[in-house]
Amino acid sequence: METKRTFQLLNLKNSLVVFSLFYLIIIFSNSAYPFWGDNYLFKIDNRKYTKEDFLTWWKYWKEPNMKFPETPDPFIDWLLIANEAKRMELDSDPLYKHKIRVFLEVRGLLLLKNEEVDKKIDISQKRLWKEYKTNYIPRLKIKALITQDYKVANNWKKSIKTKEAFDALYEKLEKEKKARDFGWERPITIPEEIRNEVLKANKDEIVGPVKYKNTYFLLFIEDKLGSDPTDFNTVKREIIKKIRKKDEAYYTEKLIENLKKKYNVKINWDILKLISLDTIPENLKEKTVLVIGDRELKAIQFWEKFKKEIDLRFHKRKLSSEDIDKMKHFVINTYISQTLTSLEALNRHYEKEPPLKDLYEFYKKQLLVVLFEEKIIKPQIKVTEEEMKDFYTKNKEKFTRPSMVEIAVIKTRDPKLIKNVYKRIKQGENFFKIGKEIQFHTLRPEKYFLNQLVPEMRDAIKGLKPNEVSSIIEFKRGDNTWYCLVYLIKHYPEKAHPYEIVKDDIRRILEQEKFNSLKKEYINKLRAQTNIVINEKEWLKLKREMMEDNNVNLAQ
């Protein structure tokens, strides 16, 4: 009894200590920060954003090779515009709603497939080996004698008493294109009609005559092999692909059948049968041909989809009534499958849970930012003809083609050779004739921008007139020293592109400049209306962490 009382007193004492601690924290709230730590990264009007918020944004925002920001400003500016767009109710815009729905459908379908199909596919080693033993062994090396006449095939069989006899007949018939070496075959590659009979055969045994597609085959089993780990590994990828394809079809069909029951799918085949390819009677247009939950598909809607599919697949080819009926089934079943999976993907609300939740929240804000730019900023941008002409006049060098030359070059790393060539040219021999003698490929004129050439060649060319040859030019490329002679054919001075040709480029440049300026103005206004507090200590800590992580990644 005493022990129990002591225990109760200890509990009461501990409770008082804990209560006192929390009481002190509440009363002296400022002193609570050092105790618990206040690790927000920044605040926007008292709304706190943490390191995790920033890193989530950065994960989806960054592009390849983009440097980590020096300040949290890019994220803050992005949030300010997204919040302003929401305040302006741009999230009620039909385009916003449409894009959000498309996003949720597409991402949801991927997650639905993963959940209901991909995760259920069994590609364990045990199943792969079972499939291998069922459909990939034994391996049989087969040669065949082939004829359209059963009696001929039977006579061949009677005449063959030994392997040598088969080989001799095979050699003779091969010349007549009545024999074929099939090489190694597996159960999966042998036609089902003759598979069992062929698989029962042993090495050096003759099978047949067997009939396949109005042709008779007399088969000789040259060799027969069983299971083998090395062989299994050669076909493992093919087996995985086959199993995945088979299971995808099975689990997809199972999902669709379950969804048909869940959404109470009803098809009005009586109306569908009355719909022809060419036209649809007026009295049928508004009739309902399909019901999925609270959705209806009218006859006119089906007919439009049906006709579009026919035009796409068959163009002007005439179809039989049987073909048309098959296409009706195909179109209605495809529509049902697409509608059911889209509905289910939306109704499962994958966006409320990882892994989609963070991406969805980012996408919503990013879409608001884009709509703000498109609907609020861009309509204010106006670029006049005068502005474009003024920009062209002041920045003509940006629209000027650099100087070009058309030249032929004799090039070698042999100083003696180049001196000999130069001497011969000076004595009046033809530059191109000598060039073809000493170079493996045909010497031909080529055009270059002057700034593409090495400095030594540029300097030499500046002093040449058309049809003149330079003196010997020496230059380094890597560890090698090269010697060359340049023949100047033509010089093309720099030339400004006409205004009319670059007009559209100038418009885009000015529009972008004005867009950037207007966007900055909006951000400055929003910042002026907002209380922003940055926790410099936490930001510097995050920057250090990111730099360390980046260094580790680079080292790896």
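This is a predicted model: local features need pLDDT of at least 70, side-chain atom pairs count only at pLDDT 80 or more; totals for chains, interfaces and linings use all residues.
Biologist: Which residue in the turn between E1 and E2 has a positive phi?

Modeller: Strand E1 (residues 40-44) and strand E2 (residues 47-50) run antiparallel and are joined by four bridges, with Ile44 standing opposite Arg47 in E2. The two strands form a hairpin with two residues between them, and the turn residue whose phi is positive, at about 50°, is Asp45.

Biologist: Is helix H6 roughly parallel or roughly perpendicular to helix H10?

Modeller: The axes of H6 (residues 125-135) and H10 (residues 229-262) come within 9 Å and cross at roughly 100°. Because angles of 65 to 115 degrees count as roughly perpendicular, the orientation of H6 relative to H10 is roughly perpendicular.

Biologist: How do the residues of the contact of H6 with H10 divide into nonpolar, polar and charged?

Modeller: On the H6 side the contact includes Leu128, Trp129 and Tyr132 as well as Arg127 and Glu131, while H10 contributes, among others, Phe232, Val235, Ile239, Lys236 and Asp247. Taken over both helices, the residues of this contact divide into eight nonpolar, two polar and six charged.

Biologist: Does Phe217 count as buried or exposed?

Modeller: Phe217 is found in strand E6 (residues 215-225), and beyond its neighbours within four places in sequence it is in contact with residues including Leu145, Ile146, Phe182, Val207 and Tyr212. Since the relative accessibility of Phe217 is 13% and the cut-off is under 20%, Phe217 counts as buried.

Biologist: What is the relative accessibility at which Phe432 counts as partly exposed?

Modeller: Phe432 lies in helix H17 (residues 431-438), and beyond its neighbours within four places in sequence it is in contact with Ala408, Leu443, Pro445, Tyr487 and Ile489. Because partly exposed covers values between the buried limit of 20% and the exposed limit of 50%, Phe432 counts as partly exposed at a relative accessibility of 21%.

Methods
Residues are numbered from 1 along each chain as its sequence is written. Side-chain values use heavy atoms; hydrogens and water are left out. Buried means under 20% relative accessible area, exposed over 50%, partly exposed in between (1.4 Å probe, protein chains only). Contact means heavy atoms within 4.5 Å. Axes are lines fitted to C-alpha atoms, for helices over the stretch in contact, and angles run from 0 to 180 degrees between N-to-C directions. Angles under 35 degrees count as roughly parallel, over 145 as roughly antiparallel, 65 to 115 as roughly perpendicular and the rest as oblique. Ala, Val, Leu, Ile, Met, Phe, Trp, Tyr, Cys and Pro count as nonpolar, Asp, Glu, Lys and Arg as charged, and the others, Gly among them, as polar. Two strands pair if DSSP finds at least two bridges between them.
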